[in-house]
Amino acid sequence: MSKPADNMHINSPRLWDSLMEMAKIGPGVRGGNNRQTLTDEDAEGRHLFRRWCEEAGMTVGIDSMGNMFARHEGTDPSLLPVMVGSHLDTQPTGGKYDGVLGVLAGLEIVRTLNDMGIKTKRAIEVVNWTNEEGTRFAPAMLASGVFAGVHTQDWAYDREDAEGLKFGDELKRIGFVGDEPVGQRKLHAMFELHIEQGPILEDENVDIGVVTHGQGLNWLQVTLTGKESHTGSTPMPKRVNAGLGAARITELVNDIALRYAPHAVGAVGHMDIYPNSRNIIPGKAVFTIDFRHPNKDVITAMEQALRFEGREIVEEIGLTMEIEQAGAFDPVTFDEGCVSAVRNAAVRLGYSHRDIVSGAGHDACWINRVAPTAMVMCPCVDGLSHNEDEEISPEWAGAGADVLFHAVVETAEIVE
């Protein structure tokens with residue numbers, strides 16, 4: 001492969017300006033973003049991205065899950081393209097960089113190639129995957145999951161948000177149901193740049209995370225059923241308190257994760273208590289548990305511990321418990337060749353770097369099932385993400401995008 005010259009860099013100020021311009025769409029209440037998938041704000045962000053791509057000379061294709069593919073042609077149309085990208089949707093109280101950095105850094109790669117007059121043998125396709133966050137429509141990484149054959153499109157279309165609106169209907173409403181069958185587009189490799197969403201790189205003053213693996217994830221939805229009764233007149237021994245069961249299982253989840261330190265994590269992230277009245281003992285609690293670890297056997301053991309010890313908790317209180325899986329994916333080992341391209345790019349450019357395991361799920365985790373894939377990470381302040389206070393520096397963004405540029409362009413092969 002022909003490698004980019006060591007002095008080739010993306011236009012860092014232009015990338016930063018693009019990030020700030022996209023952040024104006026779906027502003028949050030304190031500086032972040034609320035651009036949830038398939039909302040009007042998501043549609044506005046998509047239109048801006050498409051306009052920028054077309055201005056850079058790319059053609060934009062859209063598949064039936066709303067995934068957007070902006071193609072920069074290569075010199076040999078017989079070769080499969082190199083994809084690069086992430087997602088534009090955000091959490092309800094999301095930051096300006098989670099996902100967005102990876103999409104706009106892909107756009108910046110093409111802009112930089114245009115500026116330098118460089119051509120590659122393989123086409124480069126900048127992708128915006130639909131509904132990576134999974135906040136409005138669970139599970140996360142929904143559309144890349146359909147693309148990779150993990151989920152069916154019909155099942156995805158039937159996912160409902162909190163108001164009972166279906167994914168398929170909302171995708172149609174915002175005008176992003178494409179003609180291209182999902183998964184039909186083939187690729188040679190994919191790269192994704194993302195903020196770390198953890199504190200390791202900043203704490204160690206490292207510029208680049210070379211992502212070798214991704215943690216596996218297991219989302220469980222637990223429903224506890226007890227009996228509603230008056231908080232003032234029901235004797236303590238007579239109470240069948242679903243809220244108490246939820247509290248004790250929340251503590252259990254934390255304890256189980258600590259047993260499998262240092263890599264295991266676990267938390268209850270979402271909870272609804274019914275009827276949610278100040279003077280009624282809760283008769284029902286519905287909550288989600290998020291277990292993660294880079295070893296699938298450990299994830300299984302964590303769930304088994306929850307089921308066994310959780311059963312003891314609810315039986316003592318007198319509750320019934322139902323557990324269903326709300327989402328899951330196995331631990332990921334990224335492609336050795338793509339990982340080496342990222343690591344070599346960091347070395348070539350003189351950036352400090354270290355291998356890292358992604359604690360969060362990303363679209364790259366699903367795409368790794370159908371094509372060689374790797375990820376680049378840059379630091380974020382205090383490791384904070386999924387929060388409006390999420391922050392990175394222009395220098396961190398530029399370094400990550402530089403490494404991404406070199407890895408993608410080397411894989412796409414410069415025409416001499």
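This is a short walk through a predicted model, with a residue or element to select at each stop.

**Stop 1: helix 10**

Start by selecting residues 336–349, which make up helix 10. Now pick Asp335 at the start of the helix: one of its side-chain oxygens comes to within 3.1 Å of the backbone nitrogen of Gly337. Just past the other end, Gly350 takes a positive phi of about 80°.

Next, colour the buried residues of helix 10: Cys338, Val339, Ala341, Val342, Ala345, Ala346, Arg348 and Leu349. What covers them? Show strand 5 (189–195), strand 6 (208–214), strand 14 (353–358), strand 15 (373–378) and helix 12 (394–412), which are among the covering elements.

**Stop 2**

Select Phe191 and show what lies around it. Leaving out residues up to four places away in sequence, Phe191 touches Cys338, Ala341 and Val342, and also Val82, Met83, Val84, Gly85, Ala374, Leu404, Ala407, Val408 and Thr411.

Phe191 belongs to the largest nonpolar core, which has 101 residues; together with Phe49 and Leu104, it touches the most other members. Helix 12 gives the most to this core, with ten residues. Colour domain 1 (4–214 + 331–412) and domain 2 (216–329) separately: both give residues to this core, so it lies between them. There is also a second, separate core of 26 residues; Val240, Val253, Phe291 and Val314 are among its members.

**Stop 3: Arg122**

Move to the loop between helix 3 (100–116) and strand 4 (124–128), and click on Arg122. Is Arg122 buried or exposed? Its relative accessibility is 10%, so it counts as buried, the cut-off being under 20%. A polar atom of its side chain lies 2.9 Å from the backbone oxygen of Leu80. Beyond its neighbours within four places in sequence, Arg122 is in contact with Leu80 and with Gly74, Leu79, Val82, His188, Thr411, Ala412 and Glu413.

**Stop 4: Gln221**

Finish in strand 7 (residues 216–225) by selecting Gln221. This residue is partly exposed, with a relative accessible area of 26%. Setting aside neighbours within four places in sequence, show its contacts: Val286, Phe287, Thr288, Glu322, Ile323, Glu324 and Ala326. Then draw a C-alpha to C-alpha distance from Gln221 to Met271: they are 50 residues apart in sequence and 9.5 Å apart in space.

Conventions: Residues numbered from 1 in each chain as written. Predicted model: local features only at pLDDT ≥ 70, side-chain atom pairs only at ≥ 80, totals over all residues. Heavy atoms only, no water. Helix = DSSP H or I, 4+ residues; strand = E, 2+ residues; numbered from the N terminus. Expected span 1.5 Å × (residues − 1). Buried < 20%, exposed > 50% of the residue type's maximum accessible area, 1.4 Å probe, protein only. Contact = heavy atoms within 4.5 Å. Polar contact = N/O pair within 3.5 Å; in protein donor to acceptor, adjacent residues only side chain to side chain. Core = buried A, V, L, I, M, F, W, Y, C linked by side-chain atoms within 4.5 Å. Domains from an automatic or database assignment.
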